[in-house]
Amino acid sequence: RCKNLSVSFWNSYWMLPSDVCGMNCFWEAAFRYDNMKTHPSEKMHLAVVACGERLEETVTMLRSAIIFSIKPLQFHIFAEDQLHESFKDILDDFPYEGKVSYTLYPITFPTESAAEWKKLFKPCASQRLFLPLILKNVDSLLYVDTDILFLRPVDDIWSFLGKFNSTQIAAMAPEHEEPRIGWYNRFARHPYYGVTGINSGVMLMNMTRIRRKYFKNDMTPVRLQWGEILMPLLKKYKLNITWGDQDLLNIMFFHNPESLYVFPCQWNYRPDHCIYGSNCKEAEEEGIFILHGNRGVYHDDKQPTFRAVYEAIKNYSFGDDLVHSLLQPLELELRKTTHTYCGRVYKVFIKQLTKSIRDLHARRSKGR
C-alpha cells in the first residue's frame, strides 16, 4: 500500500550567522509493482533495504531525508514482512502534508537461488542488486544503506544524474581515499574498480540505462545484461568475495569503468575518513554532505562523534526549531568527543548541517 504524506512546515525559523517460488515468482513479484506510476522529473526516488534490527535506523535515515529536501520524495522500502506494520505505524504518524509518499515491498530474490542471495554478506543486503529488475517503471533511483544520514537536501545528490555522460549508469564514492589503509588494494582476491574500490552504501542509479546496458565481463566474450550477469558472477566469485554485493558491483565496474560516475568522499563519509586521521579533504573544506555510520558506530561508544549526530536526528521532533532543538544540542555533544580522532574534526560534522538549516530558513522566508 502506498501512503501519501508530506513534510510539515515549522512555525518558527532562525537565520544562522555565516560561521555557524522459482524465477517466475520473482518476475511475478516484480510485475506487481509495474503499474506504480512514477515521474522522475517530479519526484526523487529513494530506496532502502531493512532487515533484522534495522527499523529505528531506517526511520532515522528517512527523517534526515525529509528535513531538508525540496522536491517530492518517493520512498521504496524493502523490508522483512514482520517489519511492515511497524514501518506503516511510524510513517503514517509523521506530520506530512503531501510531499512524501512511500511503498513497502517484501524481500524478493529469484526463488531458485533465494537462500544463496539472502545469506550473502548481511541478511537482505544483496536485494539492492535486483532493484532495477523489480522497480521496472522507475527511471532513476538513489539507493542508500539504513545507516545513512542526509545533512543536506537529497535534491543535491539527485542532481548528479544530470551530470552523467552518455556512458554512465550509476554513481558511487571510493571505498578509501588513502591507499595505505585501503581494503581492496591490500586484500581483495577479485577485480575491483579504480585504485581503492567503490563503496555501495550510497548508490545513485539511472535504472533505465542499467536495464538497457550490455556489460563486458570475464566469464564470456558475449556481453550480458544486468539480469543475466548477477548469478554467473556470484557462482564464479562466491569463494573470493568478502563484502557480498558490494564486491560484485566492484567486479562489474572494473570491467565497465566508463559506466561509473565517482562521487567525492563527502557524499559518503564513513569512520575510515577520520579514525586514522582526517583524509577526506572535500569534507574539511565544505563539511559532510552524507554521513555513513557503518561498523555499527551509531550504536556503540567507539565513535561518539557519529553517534551524536545519529541521536540528534533520531530525537528531533518535526516542527521544533532546528537551531535550538537540533543544531545547538548536537554541537554541545560533539565538543565532548574531541578526545577521539573524529572528534578532533567535529566541525566538519556540523558545517554543512548549519548551511542546510540556513538555506531552509531562506527558502521558507522567500516563500512567505
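Lys88 comes out as partly exposed, because its relative accessible area is 23%. (Under 20% relative accessible area is called buried, over 50% exposed, and partly exposed lies in between, using a 1.4 Å probe and protein chains only.) Before going on, note that the model is predicted, so local features need pLDDT of at least 70 and side-chain atom pairs count only at pLDDT 80 or more, while totals for chains, interfaces and linings use all residues. Residues are numbered from 1 along each chain as its sequence is written, and side-chain values use heavy atoms, leaving out hydrogens and water.

What does Lys88 form a salt bridge with? The partner is Asp92, and the closest N and O atoms of the two are 2.8 Å apart. (The rule for a salt bridge: a side-chain nitrogen of Lys or Arg within 4 Å of a carboxyl oxygen of Asp or Glu.) Both residues sit in helix H3 (residues 84–92), and since they are 4 residues apart there, about one helical turn separates them. Asp92 has a relative accessible area of 26%, so it is partly exposed.

**Salt bridges across the chain**

Going by that rule, you get 18 salt bridges. Take Lys314 and Glu56, whose side chains meet in a salt bridge at 3.9 Å, N to O. Lys314 belongs to helix H12 (residues 304–315) and Glu56 to helix H2 (residues 55–68), so this pair links distant parts of the chain, 258 residues apart. Lys314 is partly exposed because its relative accessible area is 24%, and Glu56 is partly exposed with 39%.

Next come Lys71 and Asp155, whose side chains form a salt bridge of 3.6 Å, N to O. Lys71 is in the loop between H2 and strand S3 (73–79), while Asp155 is in helix H6 (residues 154–158), so the pair ties together parts that are 84 residues apart in sequence.

| Salt bridge | N to O distance |
|---|---|
| Asp92 and Lys88 | 2.8 Å |
| Lys314 and Glu56 | 3.9 Å |
| Lys71 and Asp155 | 3.6 Å |

**Rings meeting rings**

Now for the aromatic side chains. How many aromatic pairs does a search of the whole structure find? The search turns up 20. (Rings of Phe, Tyr and Trp, with its six-membered ring, pair if their centres lie within 6.5 Å; planes under 30 degrees apart are stacked, over 60 edge-to-face, and the rest tilted.) One of these pairs is Trp183 with Trp243: the ring centres are 5.5 Å apart and the planes stand at 75°, so it is edge-to-face. Trp183 lies in the loop between strand S7 (170–174) and helix H7 (184–187), and Trp243 in the loop between helix H9 (226–237) and helix H10 (245–255), so the pair ties together parts 60 residues apart in sequence. With 30% relative accessibility, Trp243 counts as partly exposed.

Trp267 and Phe289 are an edge-to-face pair too, at 4.7 Å centre to centre with 70° between the planes. Trp267 sits in the loop between strand S9 (260–262) and H11, Phe289 in the loop between H11 and strand S10 (290–292), and this pair links distant parts of the chain, 22 residues apart. Both Trp267 and Phe289 are buried. They also belong to one aromatic cluster, together with Phe160, Phe164, Tyr261 and Phe263.

**A few other spots**

H11 itself spans residues 281–286 and holds Glu286, which counts as partly exposed because its relative accessibility is 42%. Ala170 and Leu260 are 90 residues apart along the chain, yet their C-alpha atoms are separated by 5.3 Å. Arg295, in the loop between S10 and H12, has a phi near 65°, a positive value in a residue other than glycine.

**The whole protein**

Zooming out, the protein has 15 helices and 10 strands. (Helices, H or I with at least four residues, and strands, E with at least two, are DSSP runs numbered from the N terminus.) Of its 368 residues, 58% are buried.
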